[in-house]
Amino acid sequence: MSEIMLFAGNSNTLLAKCIARNLNINLGKVNVSKFSDGEIRVEYLESIRGKNVFLLQSTCAPQNSNLMELLLLADAAQRELAHSVTAIVPYFGYARQDRRIATIRGPIATKLIADLLKVSGIDRVLTVNLHSDQSQGFFDIPIENLSGHLIFLKDAWCKKAYHNPDNFVVVSPDAGGITRARFFAQNLNSIDLIFVNKHRTKPNVLETSDIVGNIENRNCLLVDDIIDTGATLISAAKLLKENGAKKVFAYCVHPVLSTSAVDKIKHSLLDQLIVTDSISLSEEAKKCKKIKQLSIASILSEKILSITREKSLNLNLTQLNKPSEITIA
Ligand code: R5P
């Protein structure tokens, strides 16, 4: 088995360090900096010849710079004759631009990024909760779409608020998220599945209208993949509370938290937002008492080991201490 070497771009070094610690290795030495004109400069500071190189980089903001760092790291790795180059992209930016909308003369950005990753020399991509499952079809190299939801389930199983099906319910903040919400409902004590009818008038502008299902006097758990401006979850929380919900909590994998999202969350009717470290939190977000971050380092470490040992990954209930059986979507 070739040796594992893990390197990180500048997007998420803390997560990379956690993974390295789990794997009992040192984070690889690499210099990812900028020339005076702003061009990105990459230099490996140790030999990677013949090694299984893993590059960890979320393509979150600053998206273009983070993406370019990843592409240059991959290009350098293949030129240095690494045995394999795997990109770990916990948050895959541009994944929401995955189709051409009839009224807009635009690109399919996700497909373009998939092609760029391949051309740069990446052999395999690992990502977490890619915005749409079918985007995997854009990739001509193997891609594995891991789920951060197990981390949330483990958290939920410890919370009393989610134990009584009479006063707890899982809610999807839009019709597109129903499959995700069903997974949570099946694995928690939520008998009903509720959804909010969300409608966008233009990008980042939202109108929520009605709730499908009964939430009166119940604690509501919203589940989503991305929180960006916060509009989806904040307006859903408001609507749920206005219609008689008790507490409103949310699990959301990717904390994009753009513009003034953190401030809006602080002043919203959302009682708690739990996210992962697929994207590092800003200082403002770290200070916000309503926001809690859980790590996906264990999932990514296990996956790296399973790849290098050529074994399938069996992340399951025993590792997560769930007393009864669950199904993993
Ligand atoms: C939409 O399809 C996604 O699943 C999220 O609901 C959306 O990206 C969240 O964006 P925002 O926080 O800006 O409403």
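How far is an oxygen atom of the ligand from an N or O atom in the side chain of Arg 96? The separation is 3.0 Å, a polar contact (a pair of N or O atoms within 3.5 Å; within protein, one must be able to donate a hydrogen and the other to accept it, and residues adjacent in sequence count only if both atoms are side-chain atoms).

1. A word on the basis. This is a predicted model, in which local features need pLDDT of at least 70 and side-chain atom pairs count only at pLDDT 80 or more, while totals for chains, interfaces and linings use all residues. Residues are numbered from 1 along each chain as its sequence is written, and side-chain values use heavy atoms, with hydrogens and water left out.

2. A polar side-chain atom of Asp 224 lies 2.6 Å from a ligand oxygen, and a polar backbone atom of Asp 228 is 2.8 Å from an oxygen atom of the ligand. Of the 380 Å² of accessible area that the ligand has on its own, the protein covers 89% (Shrake-Rupley method, 1.4 Å probe).

3. Now the shell. The ligand is surrounded by 14 residues, and among the closest are Asp 225, Thr 229 and Thr 232; a residue counts if one of its heavy atoms lies within 4 Å. Strand E11 (219-227) gives the most, with four residues, while strand E9 (193-202) and helix H6 (231-242) each supply at least two. Helices (H or I, at least four residues) and strands (E, at least two) are DSSP runs, numbered from the N terminus.

4. Next, look at a helix pair. The axes of H4 (residues 149-157) and H5 (residues 178-187) come within 11 Å and cross at roughly 35°; axes are lines fitted to C-alpha atoms over the stretch in contact, with angles from 0 to 180 degrees between N-to-C directions. Phe 152 and Trp 157 are among the H4 residues that meet H5, where the partners include Phe 183 and Phe 184 (contact means heavy atoms within 4.5 Å).

5. Gln 272 lies in strand E13 (residues 272-276). Its C-alpha atom is separated by 4.8 Å from that of Phe 249, 23 residues apart along the chain.

6. Two backbone details deserve a look. A cis peptide bond, with omega about -5°, joins Ala 61 and Pro 62, and Pro 62 sits in the loop between strand E4 (52-56) and helix H2 (63-79). Leu 81 has a positive phi near 60°, and its place is in the loop between H2 and strand E5 (84-89). For context, most residues other than glycine have a negative phi, and most peptide bonds are trans.
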